[in-house]
Amino acid sequence: MALSKRQRAHAIRAGQYGLLVVVVAALVLTADWEQVRKAFFNTEIAAAMFPNVITVALKNTILYTALGFAFGLALGLVLALMRLSSVAPYRWIAIVYIEVFRGVPALLVFIAIYYGVPIAFQIQFDPLSTVMLALGGVGAAYMAETIRAGIQAVPKGQIEAARSLGMSSARATVTIVIPQAFRIILPPLTNELILLTKDSSLIYILGLFREQYELTKFGRETLSRSPSLTPILIAGLCYLIITLPLGHLSRYLEKRTGGKKISTPESTGLGVSA
Amino acid sequence: MSDVVVEITGLKKSFGELEVLKGIDVRVDRGDVVCVIGPSGSGKSTLLRCVNLLEEPSGGKIVVHGVELTDPDVDIDRARTKIGMVFQSFNLFSHLNVLANLTVAQRKVLKRSEQEAQEIALRNLERVGLSDKVNAMPAQLSGGQQQRVAIARALSMDPDVMLFDEPTSALDPELVGDVLGVMRQLADEGMTMLVVTHEMQFAREVADRVLFMDGGYVVEEGPAEQVIGAPRHERTQSFLARVLDPTHQGPRGA
Ligand SMILES: Nc1ncnc2c1ncn2[C@@H]1O[C@H](COP(=O)(O)OP(=O)(O)OP(=O)(O)O)[C@@H](O)[C@H]1O
Ligand SMILES: [Mg+2]
């Protein structure tokens, strides 16, 4: 039987869809839905979680994430500039920092800052400072690389124009390069924010008061008092309340900056004459 | 009485092994328009970029308005405020609107007040005929408009000399005239200009002097009428023959 290339592609596509349908059907038919309902959809337990799951847990997740992100962004920017510096030791420090903090689990950083620092320096951070330093410290390593890529993506002509107008290298970086770099990296930065949102749950390792619980800790705590996995489901849904809009925003920004790139002076100008 | 604005002596520039400028002497007097022509790769852009130290010369001396730029202790940022540069690819700051493009360096470098910077910006926008584009973003402008904004941006710093690196090469043919018109008007107003261009008609009409560069040297130099109208050197002749009549097959191919 001789199929054309197009027909063969169609046949393969149909085969893939068919397989997907079979797998989904098998899962739906074999799952014990009654058990699942009992375990995850206990409306009484769910109702008892409100309003605290929102007013305490969701609020704290957002607070911890925002603190970590703000600190991480600032430190990430510094690291990115150090990484691009002409001063070699700055570059080395940045590289070592980025490699280490990207390489170790965030949980270890939480433990080091909360339990390790007091032993070494007699400074005890409270949970809020710890989450800011630990989450931000890890986030900074990732964001530094993103920011560096953004800075390098700013066309060289922009810097030359700035320098030719008498701006110093530092002035050009602050006034021209960084604002443009951030436009370019807004979509990936939004993704980092989503990752940090989930990592904020690592605060569970610290001793927390009830009013300091965030979503995961709150969910586990409720879980330990009730014979149902419903709290976990509710906590999970609350994470989605934060992360779905962020994902949407990221895709929107990506589309917008993607469309914008086409119309930068460099490309319109040279494209026309080519 | 003519005083010297730009004086370049024995300028050399190498990129690694490649020696692009092999000893260039150029002098531009106040109010003069000097056009630089020459084949692609002959080092015209490199010459211009050395004049405001966007490229660091490997040897020789550059003095602009009495300031020796090749002195290692020179305050280059300060010196650059007096040297306007217009690039082939415009290089407007893409995140700033037209007005901010014209005011940002006035504010941050010259420390002018917001009001003064805006007044100067508006005056220069009017000079290039774009008063109605004050609030436009660069991406909303045509190439010709962007280049005129870039000229206005450079003029807003009150430069002693303007450098142009093929300002019309990236433009649609019908937009070239607007930009050349602005440059012609600047020349008429007495601006000192060093212009790299392939627009022979413009060079012929506007330039006080024309330099023909090839192989890292200034091969021929003189009044526009002579260098473009009656070139003496064989290399200038064959270059002009190729440029003025693109179908002409010169000795080294088109
Ligand atoms: N940054 C650089 N690094 C290495 N080589 C360079 C660099 N800039 C220019 N060159 C080389 O120097 C030579 C002269 O380049 P330049 O841009 O000055 O020529 P040009 O006369 O302006 O040519 P065109 O008319 O095409 O603009 C070319 O061979 C080019 O490849
Ligand atoms: Mg060039």
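What is the volume of the largest pocket? In this model, which is predicted rather than determined by experiment, the largest pocket has a volume of about 470 Å³. Its lining is made up of 17 residues, and those that lie nearest the centre of the pocket are Ile159(A), Arg163(A), Ser169(A), Thr173(A) and Val177(A). Three helices of chain A, namely H7, H8 and H9 (169-199), each supply at least two residues of this lining, and among the contributors H8(A) gives the most, with 4 residues. Divided by class, the lining of the largest pocket has 7 nonpolar, 4 polar and 6 charged residues.

Rolling a probe the size of a water molecule over the atoms shows where empty space is left. When the whole structure is searched for cavities of 30 Å³ or more, 1 is found, and the largest cavity has a volume of about 60 Å³. Both chains take part in lining the largest cavity: chain A is represented by Ala161(A), Ser164(A) and Leu165(A), while the residues from chain B include Arg80(B), Ile83(B), Met85(B), Arg153(B), Met157(B) and Pro159(B). Helix H8 (156-164) of chain A, strand E6 (83-86) of chain B and helix H5 (143-155) of chain B each provide at least two of the lining residues, and the largest share, 3 residues, comes from E6(B). The class composition of this lining is 7 nonpolar, 3 polar and 2 charged residues.

Arg80(B) forms a salt bridge with Asp77(B), and the closest N and O atoms of the two are 3.7 Å apart. Because Asp77(B) and Arg80(B) are 3 residues apart in helix H2 (residues 76-80) of chain B, about one helical turn separates them. With a relative accessibility of 5%, Arg80(B) counts as buried, because that value falls under the 20% limit.

Another salt bridge of chain B joins Asp214(B) to Arg235(B), with 3.6 Å between the closest N and O atoms. This pair links distant parts of the chain, since Asp214(B) belongs to strand E9 (residues 209-214) and Arg235(B) to helix H9 (residues 234-244) of chain B, 21 residues apart.

In chain A, the side chains of Arg83(A) and Glu145(A) meet in a salt bridge with an N to O distance of 3.7 Å. Here too distant parts of the chain are linked, as Arg83(A) lies in helix H4 (residues 52-83) and Glu145(A) in helix H7 (residues 127-153) of chain A, 62 residues apart. Arg83(A) has a relative accessibility of 22% and therefore counts as partly exposed. Beyond these pairs, a network of salt bridges links Lys156(A) and Glu160(A) of chain A with Arg49(B) and Glu55(B) of chain B.

Helix H7 of chain A, which holds Glu145(A), is also where Leu133(A) is found. At 21% relative accessibility, Leu133(A) counts as partly exposed, and its C-alpha atom is separated by 19 Å from that of Ile147(A), 14 residues apart along the chain. In chain B, Ile228(B) has its place in helix H8 (residues 224-229) and counts as buried, at 5% relative accessibility. The C-alpha atoms of Ile228(B) and Asp3(B), 225 residues apart along the chain, are separated by 26 Å.

Helix H5 (88-103) and helix H6 (106-121) of chain A each supply at least two residues of the nonpolar patch, and its largest share, 3 residues, comes from H6(A). Val100(A), which lies in helix H5 of chain A, has a relative accessible area of 42% and is therefore partly exposed.

Definitions and conventions:
Residues numbered from 1 in each chain as written. Chains lettered and ligands numbered in written order. Predicted model: local features only at pLDDT ≥ 70, side-chain atom pairs only at ≥ 80, totals over all residues. Heavy atoms only, no water. Buried < 20%, exposed > 50% of the residue type's maximum accessible area, 1.4 Å probe, protein only. 1 Å grid on protein atoms, 1.4 Å probe; cavity = no way out; pocket = protein on both sides within 12 Å on 5 of 7 lines; lining within 4 Å. Points joined across faces, edges and corners; volume = space filled by probe spheres on them. Nonpolar A, V, L, I, M, F, W, Y, C, P; charged D, E, K, R; others polar. Salt bridge = Lys/Arg side-chain N within 4 Å of Asp/Glu carboxyl O.
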